[in-house]
Amino acid sequence: MMGPAASSRLAPWLFLSPFLVIFVVFTLYPLARSVVLATHQTFGPEHEQYVGARNFAAMIADPLFWTALRNTFVFALASVFIQLPISLGLALLIERRGTPARPLWRILLFSPALVGVVFAAMIFGIILEKRTGLLNVMLHNLTAGAWNLDFAWTQQYVMSALIVASHWMFVGFNMIYFVAALQNVRRDLAEAAVIDGAGSIDRFRHVTLPAIRPVAGFVVLTSIIGSFQLFELPYLMLNQTAGPDNRGLTIVMYLYQVGFEVGDLGYASAIGWGLAVVLVVCTVVQRLLARREEAAV
Amino acid sequence: MFATRATPDRDGSPISSGVWILIVLALVSSAALAFWPSGRRDSRTMWLFAKPHQDTYTPIIDEWNRLRDPDIETILLGRAALDRRLLSSFLSGTPAADLIEAERQNAARAFTGSLDAVGFVDLTDRIDAEGIRSRINPPSFAPWMSRGRIFGLPHDVHPVMLGYRADVFEAARIDVDSIRTWDDFERVLRPLMDTNGDGEPDRYLLNLWETSTDHIEVLLLQAGGGFFDDAGRVIIDSPINARVLARIVAWCQGPRRIAADAPNFTASGNQLKAEGFVLSSFFPDWMCDVWKHELPQLAGKIKLMPLPAWDEGERRTSVWGGTMLGIPRSAVKSPEDFEELWSFAKHLYLSKDLATDLYRSSGIVTPVVEFWSDPVFDEPDAYFASQPKGRMYIGLAPQVPARTSSPYNTLALSRVQDALVQLSEETRRTRQYDEARLRERASHYLKRAHDMVAAQIERNVFLSSAGGVP
C-alpha cells in the first residue's frame, strides 16, 4: 500500500495527468516534430529526406515569404497604432463622468466581437463587392452616378479592407480591457491632479496612463500575436485566395498554402519557426520598451 | 491564510473513493475504446463530393448491391472535407474509403512524392490489358496520369463552349457562324455593348476578369499554352501564354474592353447575368445544369456556340473541371480486394446507363467514346433554345486539350494570375494598350512566375530523384 506521504506527492500529478497527456501529445510532440520536419522534405511519415537548412535558405530567398511578412507587419502595425488608440479613446469616452447609458454603449461596441470572423468576412465581402456591393452602390448614388460601380475594393485596397473589417470586430473587444483598466484607476489621484491644476491631457499622461500600463502592455502583446496569426479573415474575404498579386497573403496563410495545398510540410514547418522567431523578437522589443518607459516613470 | 496541502480522506488517502471510481471508469472506457475489435466490415465505402453524382449512381449501386457482396455504400463529403481526409490519408495513413471520387486538384496532391508513394493504385496495366484505354477519349486520362502511369478512371470530358444571350444576338441579327476567331468575336459583337448610343458601354460581351483563375486556365489551354510540357518541364514563360495574358488585359480595360465580371455561383453574379450585363459566358458541359437551376428565368434565351479560336482553323474548345474514380492503396490488402473494387469501378464508370443518366441529370458528357452515338445526346434542350447540346459537346470532345496532373498546377496558376494582375495594374497606370507592348510586358511578368514555380519544384527531392516532375 502507498503511504499517505507518497499519495500526497502523487495526487497533484494524477490530477494534472489529463492535461499533461494532452499537452505532450498535441503540443510538445508536434513542436519537437516540427523542428525535425523543418530540416526534412517529406511526403508522408514513410517518405522523408534530410535536407539540412535548405528549407530555411529557401524561405529567406522566397519573395512570397517576404510579401507575407510585410503584409502581416502592416496589419500588426495597424492593429497597434490605429485599432488600440481607437479602443482606448472609446473606453475613455464611455468611462467619462456624465456619459449616459454606459452599459448600452459597452454592449453595442462589443457586439461585433460576438459575430465571429466567418460572418464578419462574409458581411464585408458583400459590402465591398464590385458593382452590387453596398459601398459602391451608396457612393454611386451619393455622387449622382459619377462613382464607378466597377471599383474593386478587395482588389485595389486589400489590406485596407482587411484592416477595416478587423477593426470593426476587435475595437470593441479591446475597448472592454481598457474599460476594466480605467475602472481601477485611483480616483483620489485623479482628484488630487485636478486640485493641483492638471488639465485633461496631463491627467491622462501622468495618472491614467501609468495606471493602465500593465493592461495596455497585455493588449498590445495579444494584438501583435493575434495579428501574426491572421488567417480566417483574409482567407474567407478573398474567396480562399491571397487576393490579387498576394496583397492579402499573411504568414499563416502562406504556411497553410505551402503545407496543406502544396503538401510541403517541411517548408511549412520552417515558415512556422520563422514566424515564431519574429514573434519572439516582437515580444522582446515590446517588453524592453515597456520596461524603459516604466523606469522613466 | 488557506493551506494548500491536500486534505487526507478518512483512510489517510488524499483521493476520495468517488475520485477513484472516476479514474477507474476513465481507464476502463479508454481501454475498451482502444482494444474493442472493430468488427468485420460488411460493406465497401465510396467517398464522393457531388450530390448529383451520388443521386445518379444510386440506382446502379442498388442493383450492384442486390446481386453482389459486399455492398457498396456511398458517403457524400464536402469538397474541403474530402480534400483534408484524402491528404491526411496520403500523408499519415489515416483510414480512407475503398473508392474515392476525386477532383483534379485533390487527386494531384497524390502525385507530389515518388511513384511508389502515390496514394492511389496504379491502374495502367489493367486499363491496357482490358482495352479500356482505347474506349475512352484520350485527353480525359491526362489529369490522372503521373510519369506515364494512370491512377484513376476518368468520369468526364468537360469540353467548354460559349453560352450567349440568343435573344440579344438574334434581335441584332448577329450570325454566330460568322464568329470563328476571338478577333471576329470582338469585331462583330462590339456594337451590342452600347445600348443607348452615348458611346459608352452599357453591357459587356464576355464574362471574364483578370482575377478569374478558372477562366484564365480555360483560355490558356485553348490557345495551346499552359504551365508544364509533356515532359513536365515548366513552360509558364511561353509566348503563347504571353499572348493570352496580353489579350485578357486588353479585354478588361482600355479601348478594346469587352469583358466584365459576373462571378459564377454568387447571387450578385447571377443578377448581372440575368440583367444581360454580360452577354456570353464560358460553358463547360456541367455548367449547363448550374444555369438551369440558378437562372431559370433565362430558359430559351441562351444558346451555345464553340469558343472562337485564337487563330482561324484552330481549337474551338477548352476544358474546365474533371473527376476520377481511384482506388486508394490502403483499401487493397489482397489481390481479391483489388479485383472486387476494380470490378465495381468499371461497372459504374463504364456503364451505359450511367452515361445517359449522367447526361440527363447534369448535362455531363461521358468520356466513353462508344456511348456517344446514343440518341440521348441528340435530344433538344429547351433551356438552350432546343439546341442538341450533347451532340455539340461531343463534336468538340476530341479537341479538348490535354492537361497536366502536376501537383504544382494550382501553384503555377496562382503565380500566373499574379503575373496577370501585375500586368493589368501596370497597364492601368501607363494606359499603353498596344498589343505588342502588352505581350512584351506579359513575358516579363511570366518569366518571374516561371522562375518562382521552377524554384519550388526544384526543391522537391522526391521528384528530382525520380527523374523529373510529373
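Modeller: Helices (H or I, at least four residues) and strands (E, at least two) are themselves DSSP runs, numbered from the N terminus. This is a predicted model, in which local features need pLDDT of at least 70 and side-chain atom pairs count only at pLDDT 80 or more, while totals for chains, interfaces and linings use all residues. Residues are numbered from 1 along each chain as its sequence is written, and chains are lettered from A and ligands numbered from 1 in the order in which they are written.

Biologist: How many helices and strands does chain B have?

Modeller: Chain B has 17 helices and 12 strands, and its C-alpha atoms fill a box of roughly 100 × 70 × 50 Å along the principal axes. Of its 470 residues, 46% are buried, where buried means that 20 or more other C-beta atoms lie within 10 Å of a residue's own, exposed means 12 or fewer, and partly exposed is in between, with C-beta atoms placed from the backbone.

Biologist: What about α1(B), covered or hardly covered?

Modeller: Helix α1(B) is hardly covered, since the count of buried residues among its 19 residues is 0. Helix α1 (residues 17–35) of chain B reaches 27 Å from its first C-alpha to its last, close to the 27 Å expected at 1.5 Å a residue; the expected span is 1.5 Å times one less than the number of residues.

Biologist: Switching to the inside, which residues touch the most other members of the largest nonpolar core?

Modeller: A nonpolar core is a set of buried Ala, Val, Leu, Ile, Met, Phe, Trp, Tyr and Cys residues joined through C-beta atoms within 7 Å. The largest has 132 residues, and M161(B), L245(B) and I248(B) touch the most other members. Helix α9 (residues 239–252) of chain B gives the most to this core, with 9 residues, and the core draws at least three residues from each of domain 1 (43–154 + 321–349) and domain 2 (161–319 + 402–465) of chain B, the domain bounds coming from an automatic or database domain assignment.

Biologist: What does M161(B) touch?

Modeller: Not counting residues up to four places away in sequence, M161(B) touches a set that includes F283(B), L304(B), M305(B), Y393(B) and L396(B). Contact here means that the two C-beta atoms, placed from the backbone, lie within 7 Å. A second, separate core of 56 residues includes F124(A), I163(A), A165(A) and L265(A).

Biologist: Why is F282(B) called buried?

Modeller: F282(B) counts as buried because 22 other C-beta atoms lie within 10 Å. F282(B) lies in strand β10 (residues 280–284) of chain B, and its contacts, leaving aside neighbours within four places in sequence, are V160(B), L162(B), H215(B), V218(B) and W320(B). The C-alpha atoms of F282(B) and V218(B) are separated by 8.5 Å, although the two are 64 residues apart along the chain.

Biologist: Back to the domains: how far apart are the C-alpha centres of domain 1 and domain 2 of chain B?

Modeller: Those centres lie 31 Å apart, and the contact takes 14 residues from domain 1 of chain B and 10 residues from domain 2 of chain B.

Biologist: Last topic, then: how many residues of chain B are in contact with chain A?

Modeller: There are 30 residues of chain B in contact with 24 residues of chain A. On the chain B side, α15(B) gives the most, with 5 residues. That side divides into 14 nonpolar, 12 polar and 4 charged residues, counting Ala, Val, Leu, Ile, Met, Phe, Trp, Tyr, Cys and Pro as nonpolar, Asp, Glu, Lys and Arg as charged, and the others, Gly among them, as polar.
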